[in-house]
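Dear colleague,

I am handing over a structure for you to look through, and below it you will find some notes on how parts of it are arranged. Please keep the structure open while you read.

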Amino acid sequence: MTERSCVFCGGRGEKEELLRWVVAGNALFPDWTQKLEGRAIYTHFDMKCVCGIYGAKKALSAFEKCDSFGVPQEKILDFVRTQAEKSSDYYFAICRRSGVLLKGQNLIADEADKGTSFDSLVFASDASAKTVRELEKKTGLQGVKTVFSKKRLGEEFDGRDVSVFALKPSKQSGKLMFYMNLLNNFTSGDI
Ligand SMILES: [Zn+2]
């Protein structure tokens, strides 16, 4: 596990779970996929630290020839939200293709009855309390509510509303949950 410190609050975190920032031209940019070359600094992926870097003098002075931010402060939350949504979509597709993602109350309940174990249970923001209660009981998991509505979740599939999906344990499931949680943290209200 590779750890890095957050340039704003000084706390440590696993590199993959932090936001990486690198210099391109004379500006500091968020490097979403952590693939750009060069020296980097990191922040936590919470609003306080992502916004805080804009006021942290040592952020820009850590680099030679860096005098501005590539994404203006008023756009950074939108930037994170948009990227988190893209990454969620990407891992959604991978999880579907690899069969670790199952959707729909009946299918998940049937699989749970057959002994399939899941490690995440994810509900649409407008899923009914009854659906949540029944499936949590059936799977023994505490469900997570996303900012995605049934309609928006359905767009990840065949366009029909989806109120719930479940993930079997896998690296890709972990990634999907990471980005969905990120999206939840950076979004107010349903989407
Ligand atoms: Zn921090």
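In this predicted model, helix 3 passes helix 7 in a left-handed crossing. On the side of helix 3, the residues that make this contact include Leu 77, Val 80, Ala 84, Tyr 91 and Phe 92, while helix 7 contributes, among others, Leu 176, Tyr 179, Met 180, Leu 183 and Phe 186. Sorted by class, the contact between the two helices has 13 nonpolar, four polar and three charged residues.

Two packed helices are described by the angle between their axes and the distance between the axes. Here helix 3, which covers residues 76–97, and helix 7, which covers residues 171–186, pack at an angle of about 150°, and their axes are 8 Å apart. Angles over 145 degrees count as roughly antiparallel, and helix 3 and helix 7 are therefore roughly antiparallel to each other.

Please look next at the sheet, an open one in which four strands follow the order 7-10-8-9 with mixed pairing. Strand 7 (101–103) and strand 9 (144–145) stand at the edges and each has a single partner strand, so one side of each is left without a neighbour in the sheet. Strand 8 (residues 120–123) pairs with strand 10 (residues 164–167) in the antiparallel sense over four bridges, and Leu 121 stands opposite Ala 166 in strand 10. Helix 5 (residues 129–139) packs on this sheet, where helix 5 touches strand 8 and strand 10, and the direction of helix 5 makes about 175° with that of strand 8.

Conventions
Residues numbered from 1 in each chain as written. Predicted model: local features only at pLDDT ≥ 70, side-chain atom pairs only at ≥ 80, totals over all residues. Axes fitted to C-alpha atoms, helices over the stretch in contact; angles between N-to-C directions. Helix = DSSP H or I, 4+ residues; strand = E, 2+ residues; numbered from the N terminus. Parallel < 35°, antiparallel > 145°, perpendicular 65-115°, else oblique. Left-handed = near helix turned anticlockwise from the far one by under 90°. Contact = placed C-beta atoms within 7 Å. Nonpolar A, V, L, I, M, F, W, Y, C, P; charged D, E, K, R; others polar. Pairing = 2+ DSSP bridges.
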